[in-house]
Structures are given as structure tokens and as C-alpha cells.
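I'd like to walk you through one bit of helix packing today, so let me get the picture up.

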Amino acid sequence: MDDFYTLTTYIHNNNLITYPMEDYLEMIYRHQTEKITITSLSKYLNIKKSSCSKMISKLKSLNLLIVINNFIYLTNEGIKIASYLYHRHEIIEKFLKKLNKDNFKLEQVEKVEHFIDEITLANLEKYIDYFC
């Protein structure tokens with residue numbers, strides 16, 4: 001069985017965008033109609049402002065967002081990535097709500113969304129559209 005790896009190996013997939021970065025981009029996208037700041041973003045994500053500020057700097061260096069007058073805006077590339085991340089979240093949440101009903105937990109969505117690939121997500125969406 002040459003195809004088996006540990007979870008750690010799968011996680012270190014050398015992607016440019018890390019899982020925490022995905023969470024930031026998705027949250028900014030969710031609140032893009034508001035004037036989002038580091039303070040508001042840190043509250044939405046339940047993290048310290050200093051940690052938020054560091055991540056915003058990283059995302060700026062990747063040209064995924066800009067900061068103008070302390071307000072955070074996604075760039076076109078940031079919007080492209082963030083809209084996919086939001087869509088991914090919505091599909092998984094919809095599926096898990098149907099599957100688990102009263103036992104649904106948002107925490108499960110947050111855990112699963114970082115590990116699902118695009119093909120599986122597309123198939124899951126087709127499954128939901130067909131069976132749910």
C-alpha cells in the first residue's frame with residue numbers, strides 16, 4: 001500500500017494558502033458589505049487583535065487583500081479564493097445539517113472544510129442537489 005500517508009503528511013501539502021488564512025479570507029468575504037477592521041475581524045474570529053494584525057499582513061503580502069484607512073478589502077484574487085471558501089463552507093454545512101439534524105455542530109463544518117478537495121466537494125454538491 002504505497003498510497004497511505006499520515007495525516008501530518010497530508011496536511012503539509014505545500015499550499016500557498018494555509019488553513020488559518022482560509023478562515024480569515026472566508027470571514028472577510030462574509031462581511032465584505034460592512035466596513036471591516038482588524039478589531040471587528042478579530043471579534044468575528046474570536047482571536048487577539050495582534051494575531052489578526054499579523055495575518056492581515058501576510059494576506060496583504062500575497063496580494064489577497066488591501067487595507068485602506070484601517071478598512072480591509074479583498075482584492076480580485078482574494079474575492080475569487082474567498083468566494084470558493086464560502087461556497088465550500090455552505091455546501092458542507094448544508095450536508096451536515098441534513099445528515100445530523102438536531103445534532104448539527106458548526107465545529108464539524110469548520111474541521112471538515114479544510115480537508116475536502118474540489119472534486120469531492122463538487123460531487124457532494126451534486127448529491128445534495130439530487131437527494132436533499
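Predicted model: local features only at pLDDT ≥ 70, side-chain atom pairs only at ≥ 80, totals over all residues.

Residues are numbered from 1 along each chain as its sequence is written, and side-chain values use heavy atoms, with hydrogens and water left out.

Helices here are DSSP runs of H or I, at least four residues, numbered from the N terminus. Axes are lines fitted to C-alpha atoms over the stretch in contact, with angles from 0 to 180 degrees between N-to-C directions.

Let's start with helix 3. Helix 2, residues 19-30, and helix 3, residues 38-45, have axes that come within 10 Å and cross at roughly 110°. That makes the two roughly perpendicular, a label that covers 65 to 115 degrees. On the helix 2 side, D23, Y24, M27 and I28 make the contact, and on the helix 3 side it's L41, Y44 and L45; contact means heavy atoms within 4.5 Å. By class, that's 6 nonpolar, no polar and 1 charged. Ala, Val, Leu, Ile, Met, Phe, Trp, Tyr, Cys and Pro count as nonpolar, Asp, Glu, Lys and Arg as charged, and the others, Gly among them, as polar.

Now helix 4, residues 49-61. Helix 2 packs on helix 4 at about 90°, axes 11 Å apart, so this pair is roughly perpendicular. P20, M21, Y24, L25 and I28 of helix 2 meet S51, C52, M55, I56, K58 and L59 of helix 4.

What about helix 5? Against helix 2 the angle is about 90°, with the axes 8 Å apart, so these two are roughly perpendicular to each other.

Helix 2 gives the most, with 4 residues, while helix 2, helix 5 (76-100) and helix 6 (106-112) each supply at least two. The lining divides into 3 nonpolar, 2 polar and 6 charged.

That's me done, happy to take questions.

Definitions and conventions: Parallel < 35°, antiparallel > 145°, perpendicular 65-115°, else oblique.
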